[in-house]
Amino acid sequence: MTPARLHRERMAALAAAAVDPKQVVSSDKGGQPSPAPADRTPAMIYRERAAATAIVSAPEGAVTAENRIAAEIALRFTHDLRRLKEIRSIDRKIEAKREMLPDYAAWIEGLLAADAGAGNGTVAEVLPTCMVWFIDIGEFDQALDLVPFIFRHNVAMPARYQRDAATIVVEEIAEAALKQQNAGKAFPLDVLTRTGELTDDLDIHDEVRAKLLKAIGIEQLRVCEGMVAEDSAEGLAATIATFREAQRLHDRIGVKDRVKRAEKLLAAVTAAAPPADTGGIPAA
């Protein structure tokens, strides 16, 4: 039996010992979702944070107390995934994720403090899943705070997402921005530019990258339109460059009209600019 298999069996045994089976009720027995875990005390939160730090830093199997806490986290996570699967409404799923995320804060803090990986087995899915949940509930900065760790330690996304971490981050944030922009609302430009900076050197499908660039360009154009005309020339030039790069990556991304709009504004600004001061010397 391999060490990895021994570890998985140990974790399963700990999980079985950590939870009263009466507390986990599957929806196929009466159609009721499993009850939420009991509220955690400050002491429990402290132990979870410490366990996460220890379990990824110590040799496998060397910290049985921490392994027990990890098993409890894994059970809570499995319970929450089951609960989400039973919810049909997107809005209700979002609210459920908002309620669930604080329960994993201490575990994630411990992983970040150890800076040695996301663990093994089911608990390895907690951090990347929480990153996606943060995006889903609109907490984009909190999601992006986890991205450098995920990239640095090559944390794999759970198979259910069917995409790598970089693609998910770029596509999900870009689509959230475009949805908001299509409704006539602004989206934080700093979130979009930070997403681009974190993933700029990574191999991502051109169509996905184009979505992000389109969203960035829309916000750049919005900023320029709110500026004094003579101050917007540089910003408009940058906006046009962003849109053109989006179009180069994906010709049907839908930015041609915005390019024309930005070019028209830039031409107007340039035409209205006062002539350069030549110090009294006639221009050649």
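What follows is a short chat about a predicted model.

Reader: Before we start, what are the ground rules here?
Author: This is a predicted model, where local features need pLDDT of at least 70, side-chain atom pairs count only at pLDDT 80 or more, and totals for chains, interfaces and linings use all residues. Residues are numbered from 1 along each chain as its sequence is written, and side-chain values use heavy atoms, with hydrogens and water left out.

Reader: OK, how many helices and strands does the chain have?
Author: Twelve helices and zero strands. Helices (H or I, at least four residues) and strands (E, at least two) are DSSP runs, numbered from the N terminus.

Reader: And what share of the residues is buried?
Author: Of the 284 residues in the chain, 38% are buried. Buried means under 20% relative accessible area, exposed over 50%, and partly exposed in between, with a 1.4 Å probe and protein chains only.

Reader: Let's look at H7. Where is the kink?
Author: At Leu146, shortly before the proline Pro148, and it comes to about 25 degrees. The bend at a residue is the angle between axes fitted to the seven residues ending there and the seven starting there.

Reader: What does H7 span from end to end?
Author: H7 covers residues 140–152 and reaches 19 Å from its first C-alpha to its last, close to the 18 Å expected. That expected span is 1.5 Å times one less than the number of residues.

Reader: Which residues of H7 are buried, and what do they pack against?
Author: Phe140, Ala143, Leu144, Leu146, Val147, Phe149 and Ile150 are the buried ones. They pack against helices H5 (105–114), H6 (126–136), H8 (165–182) and H9 (189–199), a contact being heavy atoms within 4.5 Å.

Reader: What comes just after H7?
Author: Asn154, with a positive phi of about 50 degrees.

Reader: Switching topic: how many aromatic pairs are there?
Author: Four. Rings of Phe, Tyr and Trp (its six-membered ring) pair if their centres lie within 6.5 Å; planes under 30 degrees apart count as stacked, over 60 as edge-to-face and the rest as tilted.

Reader: Why does Phe77 with Trp133 count as tilted?
Author: Because their planes sit at 35 degrees, with the ring centres 6.4 Å apart. The pair links distant parts of the chain, with Phe77 in H3 (residues 64–86) and Trp133 in H6, 56 residues apart. Phe77, Tyr104 and Trp133 form one aromatic cluster.

Reader: Last one: how many disulfides?
Author: Zero in the whole structure, taking a disulfide as a pair of cysteine sulfur atoms within 2.5 Å. Cys130 counts as buried at 0% relative accessibility, and Cys224 counts as buried at 7%.
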